[in-house]
Amino acid sequence: MLNSDTASRPAVRPSPNPSPAGSAPAVRWSRARWLLLFATCIVIALDGLDVSMVGVALPSIGKELGLQPGALQWIVSGYVLGYGSLLLLGGRLADLLGRRTVLLVALSVFTVASLAGGLSMDAGLLIASRFVKGVAAAFTAPAAFSLITTNFEEGPERNKAISIFTTFAASGFSLGLIMSGLMTSLSWRWTFLFSVPLAVLALVLGFLFVPKDARERGAGHDVVGAILLAAGMLLLVYTVVSAPGAGWGSLPTVLGFVVAGVLLAAFVVLELRVRHPLIRFGIFRVASVLRANLTAITLFGSYVSFQFVLTLYLQDVLGWSPLAMALALLPTGLVVVASAPFTDRLIDRFGPTTLIVVGLGSLSAGYLLFLRLGTAPVYWLDVLPPVVLLGVGFGVGFPSIQVQATTGVHDDEQGLAAGLVQTSAQVGGALALAVTTALIAGGPSAGAGSHDPAGLAEQLAHYRPGLYLSAGLALAGLLIAALPRRRRRTAVESAPAEL
């Protein structure tokens with residue numbers, strides 16, 4: 001049925017006519033605009049930092065706390081699930097309550113959760129702190145991103161801002177790889193505590209330089225929808241992870257899938273009927289928004305799965321140190337950082353769709369090359385080439401997806417659009433990681449064949465399905481991005497009545 005508060009509003013607005021290649025005027029910003037951008041960039045850098053630092057530290061955490069891969073993955077999943085399940089609510093509340101307010105409050109919670117995680121002495125408390133941290137990030141990330149999309153005009157100006165924003169995300173990821181290796185050499189706890197002073201800095205910058213923004217009046221909060229979505233996703237991921245131990249045909253597994261399906265179906269029904277939905281499904285009638293969300297699922301899901309498997313294999317099986325592991329993956333982040341200053345110009349010239357195809361094609365090639373990985377890999381031949389391809393894929397693919405996901409969306413729904421594409425990425429990561437854990441569960445214990453070629457080959461075979469999953473997801477994303485597109489319609493034509 002129609003949503004009464006939005007039925008009369010077009011789903012999108014027409015984009016400004018692009019300037020011919022090479023003729024776009026130079027983008028110049030005031031000092032205040034630069035400081036606003038810098039404040040939001042620090043926030044997103046914290047997210048990239050957190051993901052990479054924890055990934056490299058997982059084997060050390062597992063050894064100290066006695067966690068097997070099935071339990072260890074919840075240190076990653078707890079964060080991405082809290083992040084992904086509430087991003088939509090975070091984006092919507094940023095529109096309704098004011099982006100500055102949501103950003104500062106959530107960033108304060110993020111800071112406290114980072115400190116609590118570093119001081120935790122129990123695995124359960126550590127995972128709980130990671131979930132709370134993910135929930136906080138679910139509000140900071142869309143608020144920061146929508147501050148950019150509402151303060152920088154659509155077109156070259158916004159493309160440049162998003163490219164800088166992405167550069168900081170990649171820089172945080174790259175810094176996290178190096179710092180995690182160094183910090184883990186001392187104690188894995190420093191990989192959690194390292195974020196605390198940076199989060200405090202982001203708070204100060206946000207308070208001083210992020211301007212107050214108008215709140216959307218006369219709108220409500222779909223709290224029930226947020227609860228249904230979070231509960232459904234939590235149960236779905238938990239069931240997938242628990243299935244290998246309980247049995248795929250066991251009553252708890254079947255019941256878990258059924259209840260999760262019911263909760264998610266109830267969420268969809270509620271969104272179609274509630275006056276102020278968490279997701280206005282009419283936004284998916286914009287083809288570019290739908291494609292961007294689908295490709296975000298495959299891009300992030302494939303990489304989270306890949307990093308989890310590769311980290312365990314190189315450290316636990318081959319005996320690489322955390323620093324060696326971090327340095328092995330560092331070129332991915334460096335390539336992203338190096339390519340980011342040029343990505344906005346490439347988007348202006350070729351369009352986001354073309355670059356998404358190039359990015360997912362590069363990711364697919366990188367994952368396929370990793371399938372050659374043997375029991376005695378030579379870094380320069382077996383690891384470096386695919387790592388560089390992954391960097392190229394992220395460097396052009398990720399910012400292009402962000403641009404495509406928010407192009408043509410009204411200002412009062414930029415928080416929704418930003419939260420939606422980030423939700424797709426995080427939920428894709430959580431589900432892909434859950435499936436990966438299920439695929440590699442029950443194999444040989446870590447390090448069982450560290451000095452035995454036959455044992456190494458057995459463990460490599462045990463981890464290889466996770467690499468297959470990453471390659472398959474990236475290829476699926478490439479197919480979605482490369483499908484022929486219909487003729488672009490005008491804003492009025494592309495805004496049928498909402499469901």
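Select helix 12 (residues 352–370) and helix 13 (residues 379–406): helix 12 passes helix 13 in a left-handed crossing, meaning that the near helix is turned anticlockwise from the far one by less than a right angle (clockwise would be right-handed). This is a predicted model, where local features need pLDDT of at least 70, side-chain atom pairs count only at pLDDT 80 or more, and totals for chains, interfaces and linings use all residues. Residues are numbered from 1 along each chain as its sequence is written, and side-chain values use heavy atoms, with hydrogens and water left out.

The axes of helix 12 and helix 13 are 7 Å apart, at an angle of about 155°. That makes the two helices roughly antiparallel (angles under 35 degrees count as roughly parallel, over 145 as roughly antiparallel, 65 to 115 as roughly perpendicular and the rest as oblique).

Stay on helix 13 and click Val403. Val403 is buried, at 5% relative accessible area (buried is under 20%, exposed over 50%, partly exposed in between, with a 1.4 Å probe and protein chains only). Show its neighbours: leaving aside residues up to four places away in sequence, Val403 touches Asn159, Ile162, Ile347 and Pro352 (contact means heavy atoms within 4.5 Å).

Next, select helix 10 (residues 287–317) and helix 11 (residues 322–350), which pack at about 140° with axes 10 Å apart. This pair is therefore oblique, and its crossing is right-handed. For the contact, display residues including Tyr303, Phe306 and Leu310 of helix 10, plus Pro322, Met325 and Leu329 of helix 11.

Note on methods:
Axes fitted to C-alpha atoms, helices over the stretch in contact; angles between N-to-C directions. Helix = DSSP H or I, 4+ residues; strand = E, 2+ residues; numbered from the N terminus.
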